[in-house]
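Keep the structure open while you read.

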Amino acid sequence: MGMSKGLSNVFEFADFRRFLEDYHAKRQAVDKTFTRARFCKDLGLPNTRSFFNDVVKGMRPLSKNYAERFARALELDDDEAVYFRVLVDFNQSENPRDREILFDRLVSLNRTPSRFISPDEYEFYRRWHHTTIFSLLDVIDFTGDYAALAKRVLPRISAAQARASIALLKKLGLVHKREDGAWKPVAKTIDTGGYARNALVQQYQLQCLDLSKRAMLMEGPAARNFSTVTFSVSKRGLEMIEEKLQRFKSEARSIAHREAEPADRVYQLNVQFFPQALPEKSP
């Protein structure tokens, strides 16, 4: 039958765990006997729901063998099953280069790409230098010298890449042409929150992390600030820190947007805040 018995369209998901949750919820809505325990039984497992719960929560990886079992239990057709298997590999991969290759495969395999992600936003966030050039246009008066534009970007890109970036920014309506012929951004910053899907933004952020490593080793007088601190904290303290981080990012964006002096340089701000040890019981 395909399309997960007409309930959930796997091509609309960039996370196989959310797809499984959505499928189960919709299936149970029309069939109250379809419990998680029953789904595990369909997978050929003992009559328990713990396996399904652990997979959905990310506590248990899904092996290639079990990915095949899930595809059969969900009654996916051939194309859906291929997409589902690649999606599992993508979500579980920890190698940035492998994730980039797998994400490209997801886009190419998707039957409904416009609903998964639009081609324009895919192209915009697929390459880090598009956002750099977007911000650089606020600093310089660019009228068509792509070689000069490319030389201002760090790490260096080609004139052809600069030309492609300008063409994309025009297509997306992110730049406008002034009366003197210079191309300028329509805003100081871009908030990715409402513009692109989480999986694509995550791929872009992985590129930014790689850029930060290269910037740390870069020679030159340009101001850079790298710091690392590891500390223990309570749940309430964690919430306070997260609130402070969100406020700081908003304030930094506001400074860039409202300052009276003209911009003369482009900087990237990355904030990494992640656990290195977990509590005995998850909060």
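Helix 13 gives the most to the lining of the second largest pocket: seven residues. The model is a predicted one. Helix 13 spans 198-216, and helix 7 (96-109) and helix 9 (119-126) also give two or more residues to this lining. The pocket has a volume of about 310 Å³. Its lining counts 21 residues, and Glu100, Arg126, Arg127, Trp128 and Gln207 are the closest to the pocket centre.

The lining residues divide by class as follows.

| Class | Residues in the lining of the second largest pocket |
|---|---|
| Nonpolar | nine residues |
| Polar | four residues |

Now to serine 165. It sits in helix 12, residues 159-172. Is serine 165 buried or exposed? Its relative accessible area is 0%, so serine 165 counts as buried, the cut-off being under 20%. The side chain of serine 165 makes a polar contact of 2.6 Å with the side chain of histidine 130. Neighbours within four places in sequence aside, serine 165 is in contact with His129, His130 and Ile133.

Ile133 also belongs to the largest nonpolar core. That core holds 64 residues. Ile133 is among those that touch the most other members, together with Leu20, Phe39, Phe51, Leu62, Phe70 and Phe84. Helix 6 (residues 78-92) gives the most to this core, with seven residues.

Which residues does phenylalanine 84 contact, leaving aside neighbours within four places in sequence? They are Val10, Phe16, Phe19, Leu20, Leu62, Ala67, Phe70, Ala71, Leu74 and Leu76.

Methods:
Residues numbered from 1 in each chain as written. Predicted model: local features only at pLDDT ≥ 70, side-chain atom pairs only at ≥ 80, totals over all residues. Heavy atoms only, no water. 1 Å grid on protein atoms, 1.4 Å probe; cavity = no way out; pocket = protein on both sides within 12 Å on 5 of 7 lines; lining within 4 Å. Points joined across faces, edges and corners; volume = space filled by probe spheres on them. Helix = DSSP H or I, 4+ residues; strand = E, 2+ residues; numbered from the N terminus. Nonpolar A, V, L, I, M, F, W, Y, C, P; charged D, E, K, R; others polar. Buried < 20%, exposed > 50% of the residue type's maximum accessible area, 1.4 Å probe, protein only. Polar contact = N/O pair within 3.5 Å; in protein donor to acceptor, adjacent residues only side chain to side chain. Contact = heavy atoms within 4.5 Å. Core = buried A, V, L, I, M, F, W, Y, C linked by side-chain atoms within 4.5 Å.
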